[in-house]
Amino acid sequence: MELEFPKSQLRRLVKDALNNAPETCKDAAGTVPERLKRMQELNVNKETMQAFSESTKIFIHYVTYLANECTRESKRSTIAGGDVLKALEHLGLKEMDPLFVGKLERWKRERASKQMDKNEAHSTEEGKEQHRVDALQNVDDLGHETIDATQHE
């Protein structure tokens with residue numbers, strides 16, 4: 001089974017890289033070379049997008065392989081974010097650490113927030129359900145409200 005990187009996302013990434021390249025590639029004087037300014041006007045053809053797609057797949061497979069090796073060396077069975085950082089360092093991409101760590105931290109915060117929302121919704125539902133049970137316990141078989149004598153002592 002051949003997996004494909006979503007073309008719309010890949011195109012968005014490539015266009016974003018072209019649009020942001022001038023800002024990230026300033027020279028020592030802080031100016032952007034004219035040839036980089038023109039990058040924003042470039043179009044990317046289908047063949048180029050296919051090359052980016054294949055390159056992306058190869059890169060992901062290779063980083064995953066290296067991260068898995070780090071995991072095995074640590075005698076674990078689950079790849080962790082630190083394993084990916086070590087894989088990137090092995091590839092000479094240590095400068096990507098802040099970007100990766102920032103994205104990882106944002107993902108963790110979003111996941112924690114979703115879990116809190118889920119727990120809150122669950123506890124709210126439990127509270128509603130408990131209220132229904134309590135209400136039903138105070139009604140006899142004929143639907144008349146009963147009084148628990150122990151509550152009024």
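**Salt bridges in the predicted model**

Lys57 and Glu54 are both located in helix H3 (residues 46–73), where 3 residues, about one turn of the helix, separate them. In this predicted model, their side chains are joined by a salt bridge with an N to O distance of 3.1 Å. The two partners fall into separate accessibility classes: Lys57 has a relative accessible area of 11% and is therefore classed as buried, the limit being under 20%, whereas Glu54, at 32%, is partly exposed.

The pair is one of 5 salt bridges found in a search of the whole structure. A further salt bridge links Arg76 to Asp83, with 2.7 Å between the closest N and O atoms. Arg76, in contrast, reaches 36% relative accessibility and counts as partly exposed.

Helix H5 (residues 97–137) contains both Arg106 and Glu110, which lie 4 residues apart and are thus separated by about one helical turn. A salt bridge connects the side chains of Arg106 and Glu110, at 3.6 Å from N to O. Arg106 is partly exposed, with a relative accessible area of 42%. Glu110 is likewise partly exposed, its relative accessibility being 42%. Neither residue is classed as buried, because that class requires a relative accessible area under 20%.

Note on methods. Residues numbered from 1 in each chain as written. Predicted model: local features only at pLDDT ≥ 70, side-chain atom pairs only at ≥ 80, totals over all residues. Heavy atoms only, no water. Salt bridge = Lys/Arg side-chain N within 4 Å of Asp/Glu carboxyl O. Helix = DSSP H or I, 4+ residues; strand = E, 2+ residues; numbered from the N terminus. Buried < 20%, exposed > 50% of the residue type's maximum accessible area, 1.4 Å probe, protein only.
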